[in-house]
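Good morning, everyone, and thank you for letting me take a few minutes of the meeting. Please have a look at the model on the screen, and I will then walk through it part by part.

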Amino acid sequence: MVLPRSLRPAPGARHGRRGRAGRLVAGGVAGIVVAMSAAGGLVTPTGAAYAAAGAAAEEDPEPLSVTIESLSPGELPRSGPIEVSGTVTNVDDETWTTVNLYPFLGDTAMTTPAELSRARRTPVRDFVGARVTDPGPYATIEALEPGESADYSFTVARSRLDVDERGVYWFGVHALGQDAVGRDLNADGRARTFLPWVGAEQRSLPVSVVLPLRKRVLHDAQGRVAGLESWARALAPGGTLAEVVELGAAADDASLTWLVDPAVVDAAGRLAAGNPPRSLEPTIDPGTPGAPDADGTGQSGSPGPDDSSTAPGTGSPSEEPGPPAPDPTGSTVPPRLDEEALSELDPATEQLARDAADWLDALTAAAGPGTQVLALPYGDLDVAAAARLSPELYRSARRRSGSELEGVDRSTSPALSSPLGFLPPETLAEARADETILLTDRMLDGQRAVDPLPTVISVGNRTVVLSSSGAVDGGPGPGERLSTLALRQRTLSEAAVRLLDTGRRSPLVLTLPLGWVPDGDGAAFFDGLGTSWVDLDTVAEATAGRRPQPVDPDELRYPDSQLEAELGPTDLAAVTELVEAGQHLQDLLTFNDRFGSVVSATAYPTASFLTRPARAAALRSAAAATEDVRDLLGSVEVSAPPGVTLSSASGRLPATITNNLDQTVTVRLDARSDQPMTLRVPESIEIGPESSTTVLLNATTEQQGVHNVTLVLTDVNDVPLGDVDVVPIRAAQVSRVIWLIMGAGAALLLGAIVVRLVRRVRAARASSRDQPDQPDQPDPGRPDATQEQA
């Protein structure tokens with residue numbers, strides 16, 4: 001039946017009228033050689049006639065564009081009809097009338113993946129199957145004005161589709177209409193696809209569908225997610241990320257495999273939190289046993305976090321609020337905002353936060369029990385380049401991915417893959433034993449004589465799973481080769497030819513193309529795969545127990561284009577510098593043990609497979625973040641007096657350390673002299689937010705002269721922070737000779753004092769001897785003895 005017509009322009013409509021002469025030639029040739037088969041109701045132009053007609057009009061586009069949007073079931077059934085529906089669009093510049101629609105079916109079964117690949121490239125007007133004309137037009141569209149579209153729908157009885165060999169057949173729809181020139185028996189528009197027939201097959205084939213969640217992730221200097229317009233499109237309903245998750249949810253209870261870059265999930269979590277900058281706030285509760293300064297006493301005279309102080313003028317402990325309570329979950333992603341906080345954001349940020357939160361919830365539901373989640377190295381690191389130039393960077397990105405997706409609460413398994421499925425053999429050698437390596441079977445182009453190619457191979461001591469390149473090639477023209485229906489039918493067909501290959505029956509692994517989204521209801525994709533002979537499994541389930549086929553590394557094909565696209569040493573060095581700077585600052589912070597991980601979340605994505613085309617922007621992102629972190633490191637400074645003089649063999653050197661950050665830091669002081677000198681410094685020094693402390697260094701030397709002492713601030717791991725002060729110390733040391741001289745001087749002084757006293761005594765005695773004796777004179781104020789006696 002023909003559904004109501006809709007006046008909607010065809011996407012990418014091709015306007016251009018067919019030449020009248022061409023139509024007449026094509027129609028005349030075809031009309032001469034058409035033979036009718038009454039028994040089968042098939043209109044079968046001979047190969048020569050079809051070629052002649054096609055050659056006459058090959059350069060002219062067909063005036064009617066036909067699509068197949070629904071085909072149920074997706075295989076030739078053992079009984080029952082096939083339902084077909086789609087649209088017909090007039091892309092010509094004149095009106096077409098009485099457009100009759102017929103199904104057609106190929107007469108030769110395709111039984112290998114190679115045949116399917118060749119068929120997909122078959123020119124549109126090549127003869128591939130006979131038209132089914134009995135019982136007559138299956139649908140008719142009365143008229144189509146230029147640019148007008150109409151829907152069609154019809155059913156084909158199974159008895160009209162006569163096949164006798166198992167395999168994959170051409171199937172499609174022909175549209176034959178009438179224009180001002182008239183009508184002929186050539187199709188004026190057609191749609192084609194593949195339709196498998198496996199008969200009464202009792203066995204099933206494991207088929208694994210892999211859904212990739214990958215996206216370029218860049219940040220600004222302060223750690224906010226950059227490129228918000230792109231994220232808003234991807235996470236909103238209908239966006240690429242949203243559609244992939246919706247497709248996974250449409251699989252219902254089917255077993256799927258997710259191939260996820262954890263950085264994408266973390267970025268969505270940060271957007272759901274309002275996209276804040278990274279924070280230095282505490283992540284460790286100072287009161288927790290084992291935490292730095294847990295006993296509440298600071299080092300080097302600094303007050304501990306629990307010390308109470310008196311607010312000026314109050315006479316009571318200050319009631320200023322302390323730092324916010326640390327997040328007990330251990331997450332490096334900020335928590336989502338509540339409704340009140342969301343309402344305070346600007347409209348665009350609020351909408352993005354809501355879309356990101358909804359996407360995370362949808363992913364949590366879609367990646368539920370029964371699915372497998374494969375985690376790529378964090379940031380989808382370009383492991384092809386890293387394995388060659390910086391293996392430790394690859395290993396650290398692998399560790400950073402962890403074993404669980406934050407915000408989704410789903411455990412993961414490690415995996416290696418690239419967006420196009422190519423990795424060099426040396427990367428495979430660096431892979432961990434527990435990593436699932438997922439590549440394209442195009443890496444075995446040298447073994448195309450093997451048809452179908454193996455799904456599980458071993459390269460050296462590594463097992464590799466090969467994804468079907470044929471399945472992701474999609475369907476034949478003239479329609480979109482990666483429409484939902486075209487991709488589904490190609491997947492079914494690839495599964496069918498493997499199932500019929502009784503010698504191996506290799507499982508089929510389909511990794512959906514990056515950025516692919518269904519053009520309609522995603523449920524139709526999985527509904528069509530729901531046949532009795534397709535067993536939807538995870539990659540782990542589909543390949544379990546399979547004996548890998550050994551492949552020499554030299555037989556793997558790694559295209560020159562991939563080698564040339566790899567990131568270089570500069571790109572990887574920028575990542576390493578940023579990761580080290582973030583870890584360095586974390587080692588400086590007393591109560592924050594996650595800052596380094598937060599910084600690494602912005603570092604690894606700058607060396608992603610997906611930043612290959614945008615490496616300049618990625619380098620700028622990494623450089624800006626590194627400079628920002630280093631500026632924070634420079635906020636802790638050391639200073640000392642312009643000069644110090646030691647008056648003995650040892651003395652003290654004062655040094656002042658200033659913390660300009662708003663968080664407590666713990667540092668060490670490294671003192672080095674250019675001349676022999678022993679310098680003893682405190683083991684570690686804790687300094688409160690925006691404060692300073694003075695420490696005394698004990699200096700000892702046996703060598704006189706000026707010693708230039710360099711004071712270097714380091715973190716607790718003795719890594720320099722960058723701030724340095726140089727202090728000249730003059731060692732005016734007093735030697736033993738000087739002590740003897742000083743002692744002799746003291747003795748001389750004491751002797752002089754004794755001599756002086758002796759001389760005074762002698763002088764006094766001499767003076768008394770020189771004076772004559774005098775009679776005693778009575779005391780005038782005292783009565784004499786006579787008087788007393790009286």
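This is a predicted model: local features need pLDDT of at least 70, side-chain atom pairs count only at pLDDT 80 or more; totals for chains, interfaces and linings use all residues.

I would like to begin with helix 6, whose buried residues are Pro262, Ala263, Val264, Val265, Asp266, Ala267, Ala268, Gly269, Arg270, Leu271 and Ala272. That is 11 of the 11 residues of the helix, so helix 6 is largely enclosed by the rest of the structure. At the N-terminal end of helix 6 sits a cap, Asp261, which places a side-chain oxygen 3.0 Å from the backbone nitrogen of Ala263, while after the helix comes Gly274, with a positive phi near 90°.

Let me step back to the whole chain. The protein chain has 790 residues, of which 50% count as buried, and it contains 20 helices and 32 strands. If we take the contacts between residues at least 6 apart in sequence, 77% of them join residues at least 24 apart.

Going back to Val667, and leaving aside its neighbours within four places in sequence, we find it in contact with residues including Leu588, Val636, Ile657 and Leu721.

Is Gln663 buried or exposed? With a relative accessibility of 10%, Gln663 counts as buried, because the cut-off for that word is under 20%. Its side chain is joined to that of Glu281 by a polar contact of 3.5 Å, and among the other residues that Gln663 touches are Leu280, Pro282, Leu589 and Pro689.

Next, the charged pairs. Side chains of opposite charge can pair when their charged atoms come close, and a search of the whole structure finds 25 salt bridges. In one of them, Asp380 pairs with Arg214, with the closest N and O atoms 2.9 Å apart. Asp380 lies in the loop between strand 14 and helix 9, and Arg214 in the loop between strand 12 and helix 4, so this pair ties together parts that are 166 residues apart in sequence. Both partners are buried, Asp380 having a relative accessible area of 2% and Arg214 a relative accessibility of 8%.

Another salt bridge joins the side chains of Glu201 and Arg505, at 3.5 Å from N to O, and this pair links distant parts of the chain, 304 residues apart.

Finally, let us turn to the surface, where Leu749, Ile753 and Leu757 form a nonpolar patch with about 290 Å² of accessible area together. Ile753 is found in helix 19 and is partly exposed, with a relative accessible area of 43%. Asp162, by contrast, is exposed at 70%, and its place is in the loop between strand 9 and strand 10.

Technical notes: Residues are numbered from 1 along each chain as its sequence is written. Side-chain values use heavy atoms; hydrogens and water are left out. Buried means under 20% relative accessible area, exposed over 50%, partly exposed in between (1.4 Å probe, protein chains only). Helices (H or I, at least four residues) and strands (E, at least two) are DSSP runs, numbered from the N terminus. A polar contact is a pair of N or O atoms within 3.5 Å; within protein, one must be able to donate a hydrogen and the other to accept it, and residues adjacent in sequence count only if both atoms are side-chain atoms. Contact means heavy atoms within 4.5 Å. Patches are made of residues with over 30% relative accessible area and no salt bridge: like charges are joined within 9 Å, nonpolar side chains (Val, Leu, Ile, Met, Phe, Trp, Tyr) within 5 Å. Accessible areas come from the Shrake-Rupley method with a 1.4 Å probe; for residues, only the protein chains shown count as cover. A salt bridge is a side-chain nitrogen of Lys or Arg within 4 Å of a carboxyl oxygen of Asp or Glu.
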